[in-house]
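Here is a short report on a two-chain model.

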Protein chains: 2
Amino acid sequence: MKITILGAYQTKFGELWDKSLKDLSSEAAFGAVEDAGVLFKDIQTAYFGNKMSPQITGQNHVGSLLAEILGTDIPITRIEAACASGGSAVRQACMAIESGQYETALVLGAEKMTDLAISEISVGLMGAASEQERESGLSFVGLYALMARKYFDKYGAGEKDLAAIAVKNHFHGSLNPKAQFPFVLTIDQVMASSMVADPLKLLDCSPITDGAAGLVLASEKYAKKLGSKKPVIIASKQASDTLSLSKRKDLTSLAGAEKAAGEAYRQAGVEAKDIEFAEVHDCFTIAEAMALEDLGFCKKGEGYIAVGKGKTRLGGERAINLSGGLKACGHPVGATGVKQLVEVYSQMMGRAGKRQTKKNKLALTHNIGGTGGTAVIHIVKN
Amino acid sequence: MKITILGAYQTKFGELWDKSLKDLSSEAAFGAVEDAGVLFKDIQTAYFGNKMSPQITGQNHVGSLLAEILGTDIPITRIEAACASGGSAVRQACMAIESGQYETALVLGAEKMTDLAISEISVGLMGAASEQERESGLSFVGLYALMARKYFDKYGAGEKDLAAIAVKNHFHGSLNPKAQFPFVLTIDQVMASSMVADPLKLLDCSPITDGAAGLVLASEKYAKKLGSKKPVIIASKQASDTLSLSKRKDLTSLAGAEKAAGEAYRQAGVEAKDIEFAEVHDCFTIAEAMALEDLGFCKKGEGYIAVGKGKTRLGGERAINLSGGLKACGHPVGATGVKQLVEVYSQMMGRAGKRQTKKNKLALTHNIGGTGGTAVIHIVKN
């Protein structure tokens, strides 16, 4: 696979009271197109990652909504895969180009989450979990807390180990002007934050966020015509797992992520050790520890150790979540998987400012839906 | 494009009180795989067309739900494009195969609609319309009634002309044991049914339906390996239009459908006149009159005349909606676009029983989201 990222754009992430889903989507769409150096009429198809719109404003059919606000009649297809909606939308766009039907595609991910009370948003988010999980009163932080407990029992990790993940991601986020929470945290601050679902505390959790991200993708041929030297997506894979945590064999690893990553490495012809930096789905700190292992960056049970040793920090062995991750940059659900690729693009283009990594030749993105029921992996080469 | 339909399955459509979304999806998935003569493990990826699940049961992330109930870890991607969710899911599956990443794909469309009161369902369905349309109290029948009024004014058609469309589709539906309403109607019965939104009466409207449909698609190479002589999808196109009716130039035609059809004819290398039968999106009778014109089967303003003359009836010049259409077969929203292709396959395989057409070599399906904000066209060759 050789799909060029011609352009990318991320809106500010945060509680954006003065911006609607339409405002955010349109800013990201036109921003990405402008960055790509093409005209909007050069865009031949589009994909839209969005989870919550029907539950928040009653609005389905957001593909057509986008067509209206962007003033186009090209096909725009909404993809919904819970928190992996964005990554899956990128993947469908890659395949649409690979199919030979299109040379260019716009991918948007957007979510407007702060229009509802937090209790209503929590109910909406739990739509990504199973019926039984919802009926038994579990929340996503509760589900990930179950995984954290199991991980602690199995590997001897503890709450401070997870806190170090939040601290590292907030350090990166403090260098990202687009981040929702661009400030540093200390281990003590994380440890002192209120318990949400034991052992996960408030500062182990990613926030509720408004935001959008956009990408313009192009075929190799089209990119060559433009003389582009821009980053190229060389692998795009997706896998599924059970919706319910109770149906899994192992709670300390996401089988879908492992499978999709394995397939992506084969597709790209690279190995885990070759990846120089990555954006991973740290919806909760425990998720990042597991991701490092599922992706093959660390041995099982050693993900948290790598973080503790500073190996995943800017300047370390393999920087993880230079954007600040979901934790500090924010998590506008449908936008997250797209934003991960925007961050990779920015780093590869040398535009990441204070959080710029020098090791920017080969990167991976890891986007998860629910508790791992959907996993989407992309590998990008500079 | 050459994507073989290896297998197809439709559940009974209707008010299926004893069946859940899971039951319907699983019946259609395994039914299609069995009909394809392959093993479930031969299916490499899947797409799921579903609109209403989040609004009806609070369940998002139905791709992963399907993975759980089907016992698989292949990628399953949910597509939502209002009432065109099914057709768009077929299209994404075609492109996934064309991309070269997969040789086989399962497409499912399913909707469980009768679990809510009709007033709640109406609100959910209006999620496919624009904010302004919802806030002004319009319903879908109201929106299509506006189109019907404009069509009447422009072309001189009347209520009896639309009634003839319902009568024709119920005649076809009476021959389809899977139909929700397998009985004939008379013009007088349609005319005597209660007015819903002037000039559309109850019997001009498609019903609220539970049901699912599934297809197994395969690459040309894979089909050849199996020695398949089954029908082949030779075109798959999608286009967008504004979400709001008020932003359109013309209310008597769906510009997205015209555009997608034009592109599909070019992709297939055929013309409108070559199409021998078609399944079109008759969510309301007026929609079928417009479809005949948008697809180029009739001149503008003459769609209703062709129906009146019996040209679109089984045995006529070009049979339309042999399944009974949305009107008589039923309209489980996300399933409809998939079911249209199941019907085409059944007709081409000579399995359509009493409604079998002899002219079964080249067919078209026309699946519409909302009032035309999304349009998906497929052309199939026997």
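Where in chain A does A:Q101 lie? A:Q101 sits in the loop between α4 and β4 (104-111) of chain A. The model is a predicted one.

**A loop residue at the interface**

Is A:Q101 buried or exposed? Its relative accessibility is 15%, so A:Q101 counts as buried, the cut-off for buried being under 20%. Set aside residues up to four places away in sequence, and A:Q101 touches A:A96 in chain A. From chain B, A:Q101 touches B:M1, B:R91, B:M95, B:E98, B:S236, B:K237 and B:Q267. Two of these partners are also reached through side-chain polar contacts: B:E98 at 3.1 Å and B:K237 at 3.2 Å. A:F297 lies elsewhere: its C-alpha atom is separated from that of A:Q101 by 36 Å. The two residues are 196 places apart along the chain.

| Chain A residue | Chain B residue | Interaction and distance |
|---|---|---|
| A:Q101 | B:E98 | polar contact, 3.1 Å |
| A:Q101 | B:K237 | polar contact, 3.2 Å |
| A:D73 | B:K259 | salt bridge, closest N and O atoms 3.1 Å apart |

**The interface as a whole**

Chain A and chain B bury about 4,300 Å² between them. Carbon and sulfur atoms account for 38% of that area. In chain A, the residues that lose the most area to chain B are A:H61, A:E68 and A:Q101. Together they make up 16% of what that side buries. The contact draws 60 residues from chain A and 60 residues from chain B.

How many salt bridges cross the interface of chain A and chain B? The rule finds 8. One pairs A:D73 with B:K259.

Several elements of chain A each supply at least two residues to the side that touches chain B. Among them are the helices α2 (53-57), α3 (62-70) and α11 (255-268), and the strands β3 (76-80) and β8 (232-240). The largest share, 6 residues, comes from α4(A). By type, this side of chain A divides into 19 nonpolar, 27 polar and 14 charged residues.

**Inside the chains**

Helix α3 of chain B spans residues 62-70. Of its 9 residues, 8 are buried, so the helix is largely enclosed by the rest of the structure. The buried residues are B:V62, B:G63, B:S64, B:L65, B:L66, B:A67, B:E68 and B:L70. Just after the helix, B:G71 takes a positive phi of about 70°.

B:H170 belongs to helix α8 (residues 159-173) of chain B. B:H170 is buried, with a relative accessible area of 1%. Beyond four places in sequence, B:H170 is in contact with B:F181, B:F183, B:V184, B:L185, B:K327 and B:A328.

**Nonpolar cores**

Which members of the largest nonpolar core touch the most other members? Of its 62 residues, they are A:L215, A:L217, A:I233, B:L215, B:L217 and B:I233. Neighbours within four places aside, A:L217 has contacts that include A:I3, A:I5, A:V90, A:I97, A:V107 and A:I233. A second, separate core holds 59 residues, including A:M147, A:A235, A:V270 and A:A375.

Terms used. Residues numbered from 1 in each chain as written. Chains lettered and ligands numbered in written order. Predicted model: local features only at pLDDT ≥ 70, side-chain atom pairs only at ≥ 80, totals over all residues. Heavy atoms only, no water. Core = buried A, V, L, I, M, F, W, Y, C linked by side-chain atoms within 4.5 Å. Buried < 20%, exposed > 50% of the residue type's maximum accessible area, 1.4 Å probe, protein only. Contact = heavy atoms within 4.5 Å. Buried area = accessible area lost by both parts, 1.4 Å probe. Salt bridge = Lys/Arg side-chain N within 4 Å of Asp/Glu carboxyl O. Helix = DSSP H or I, 4+ residues; strand = E, 2+ residues; numbered from the N terminus. Nonpolar A, V, L, I, M, F, W, Y, C, P; charged D, E, K, R; others polar. Polar contact = N/O pair within 3.5 Å; in protein donor to acceptor, adjacent residues only side chain to side chain.
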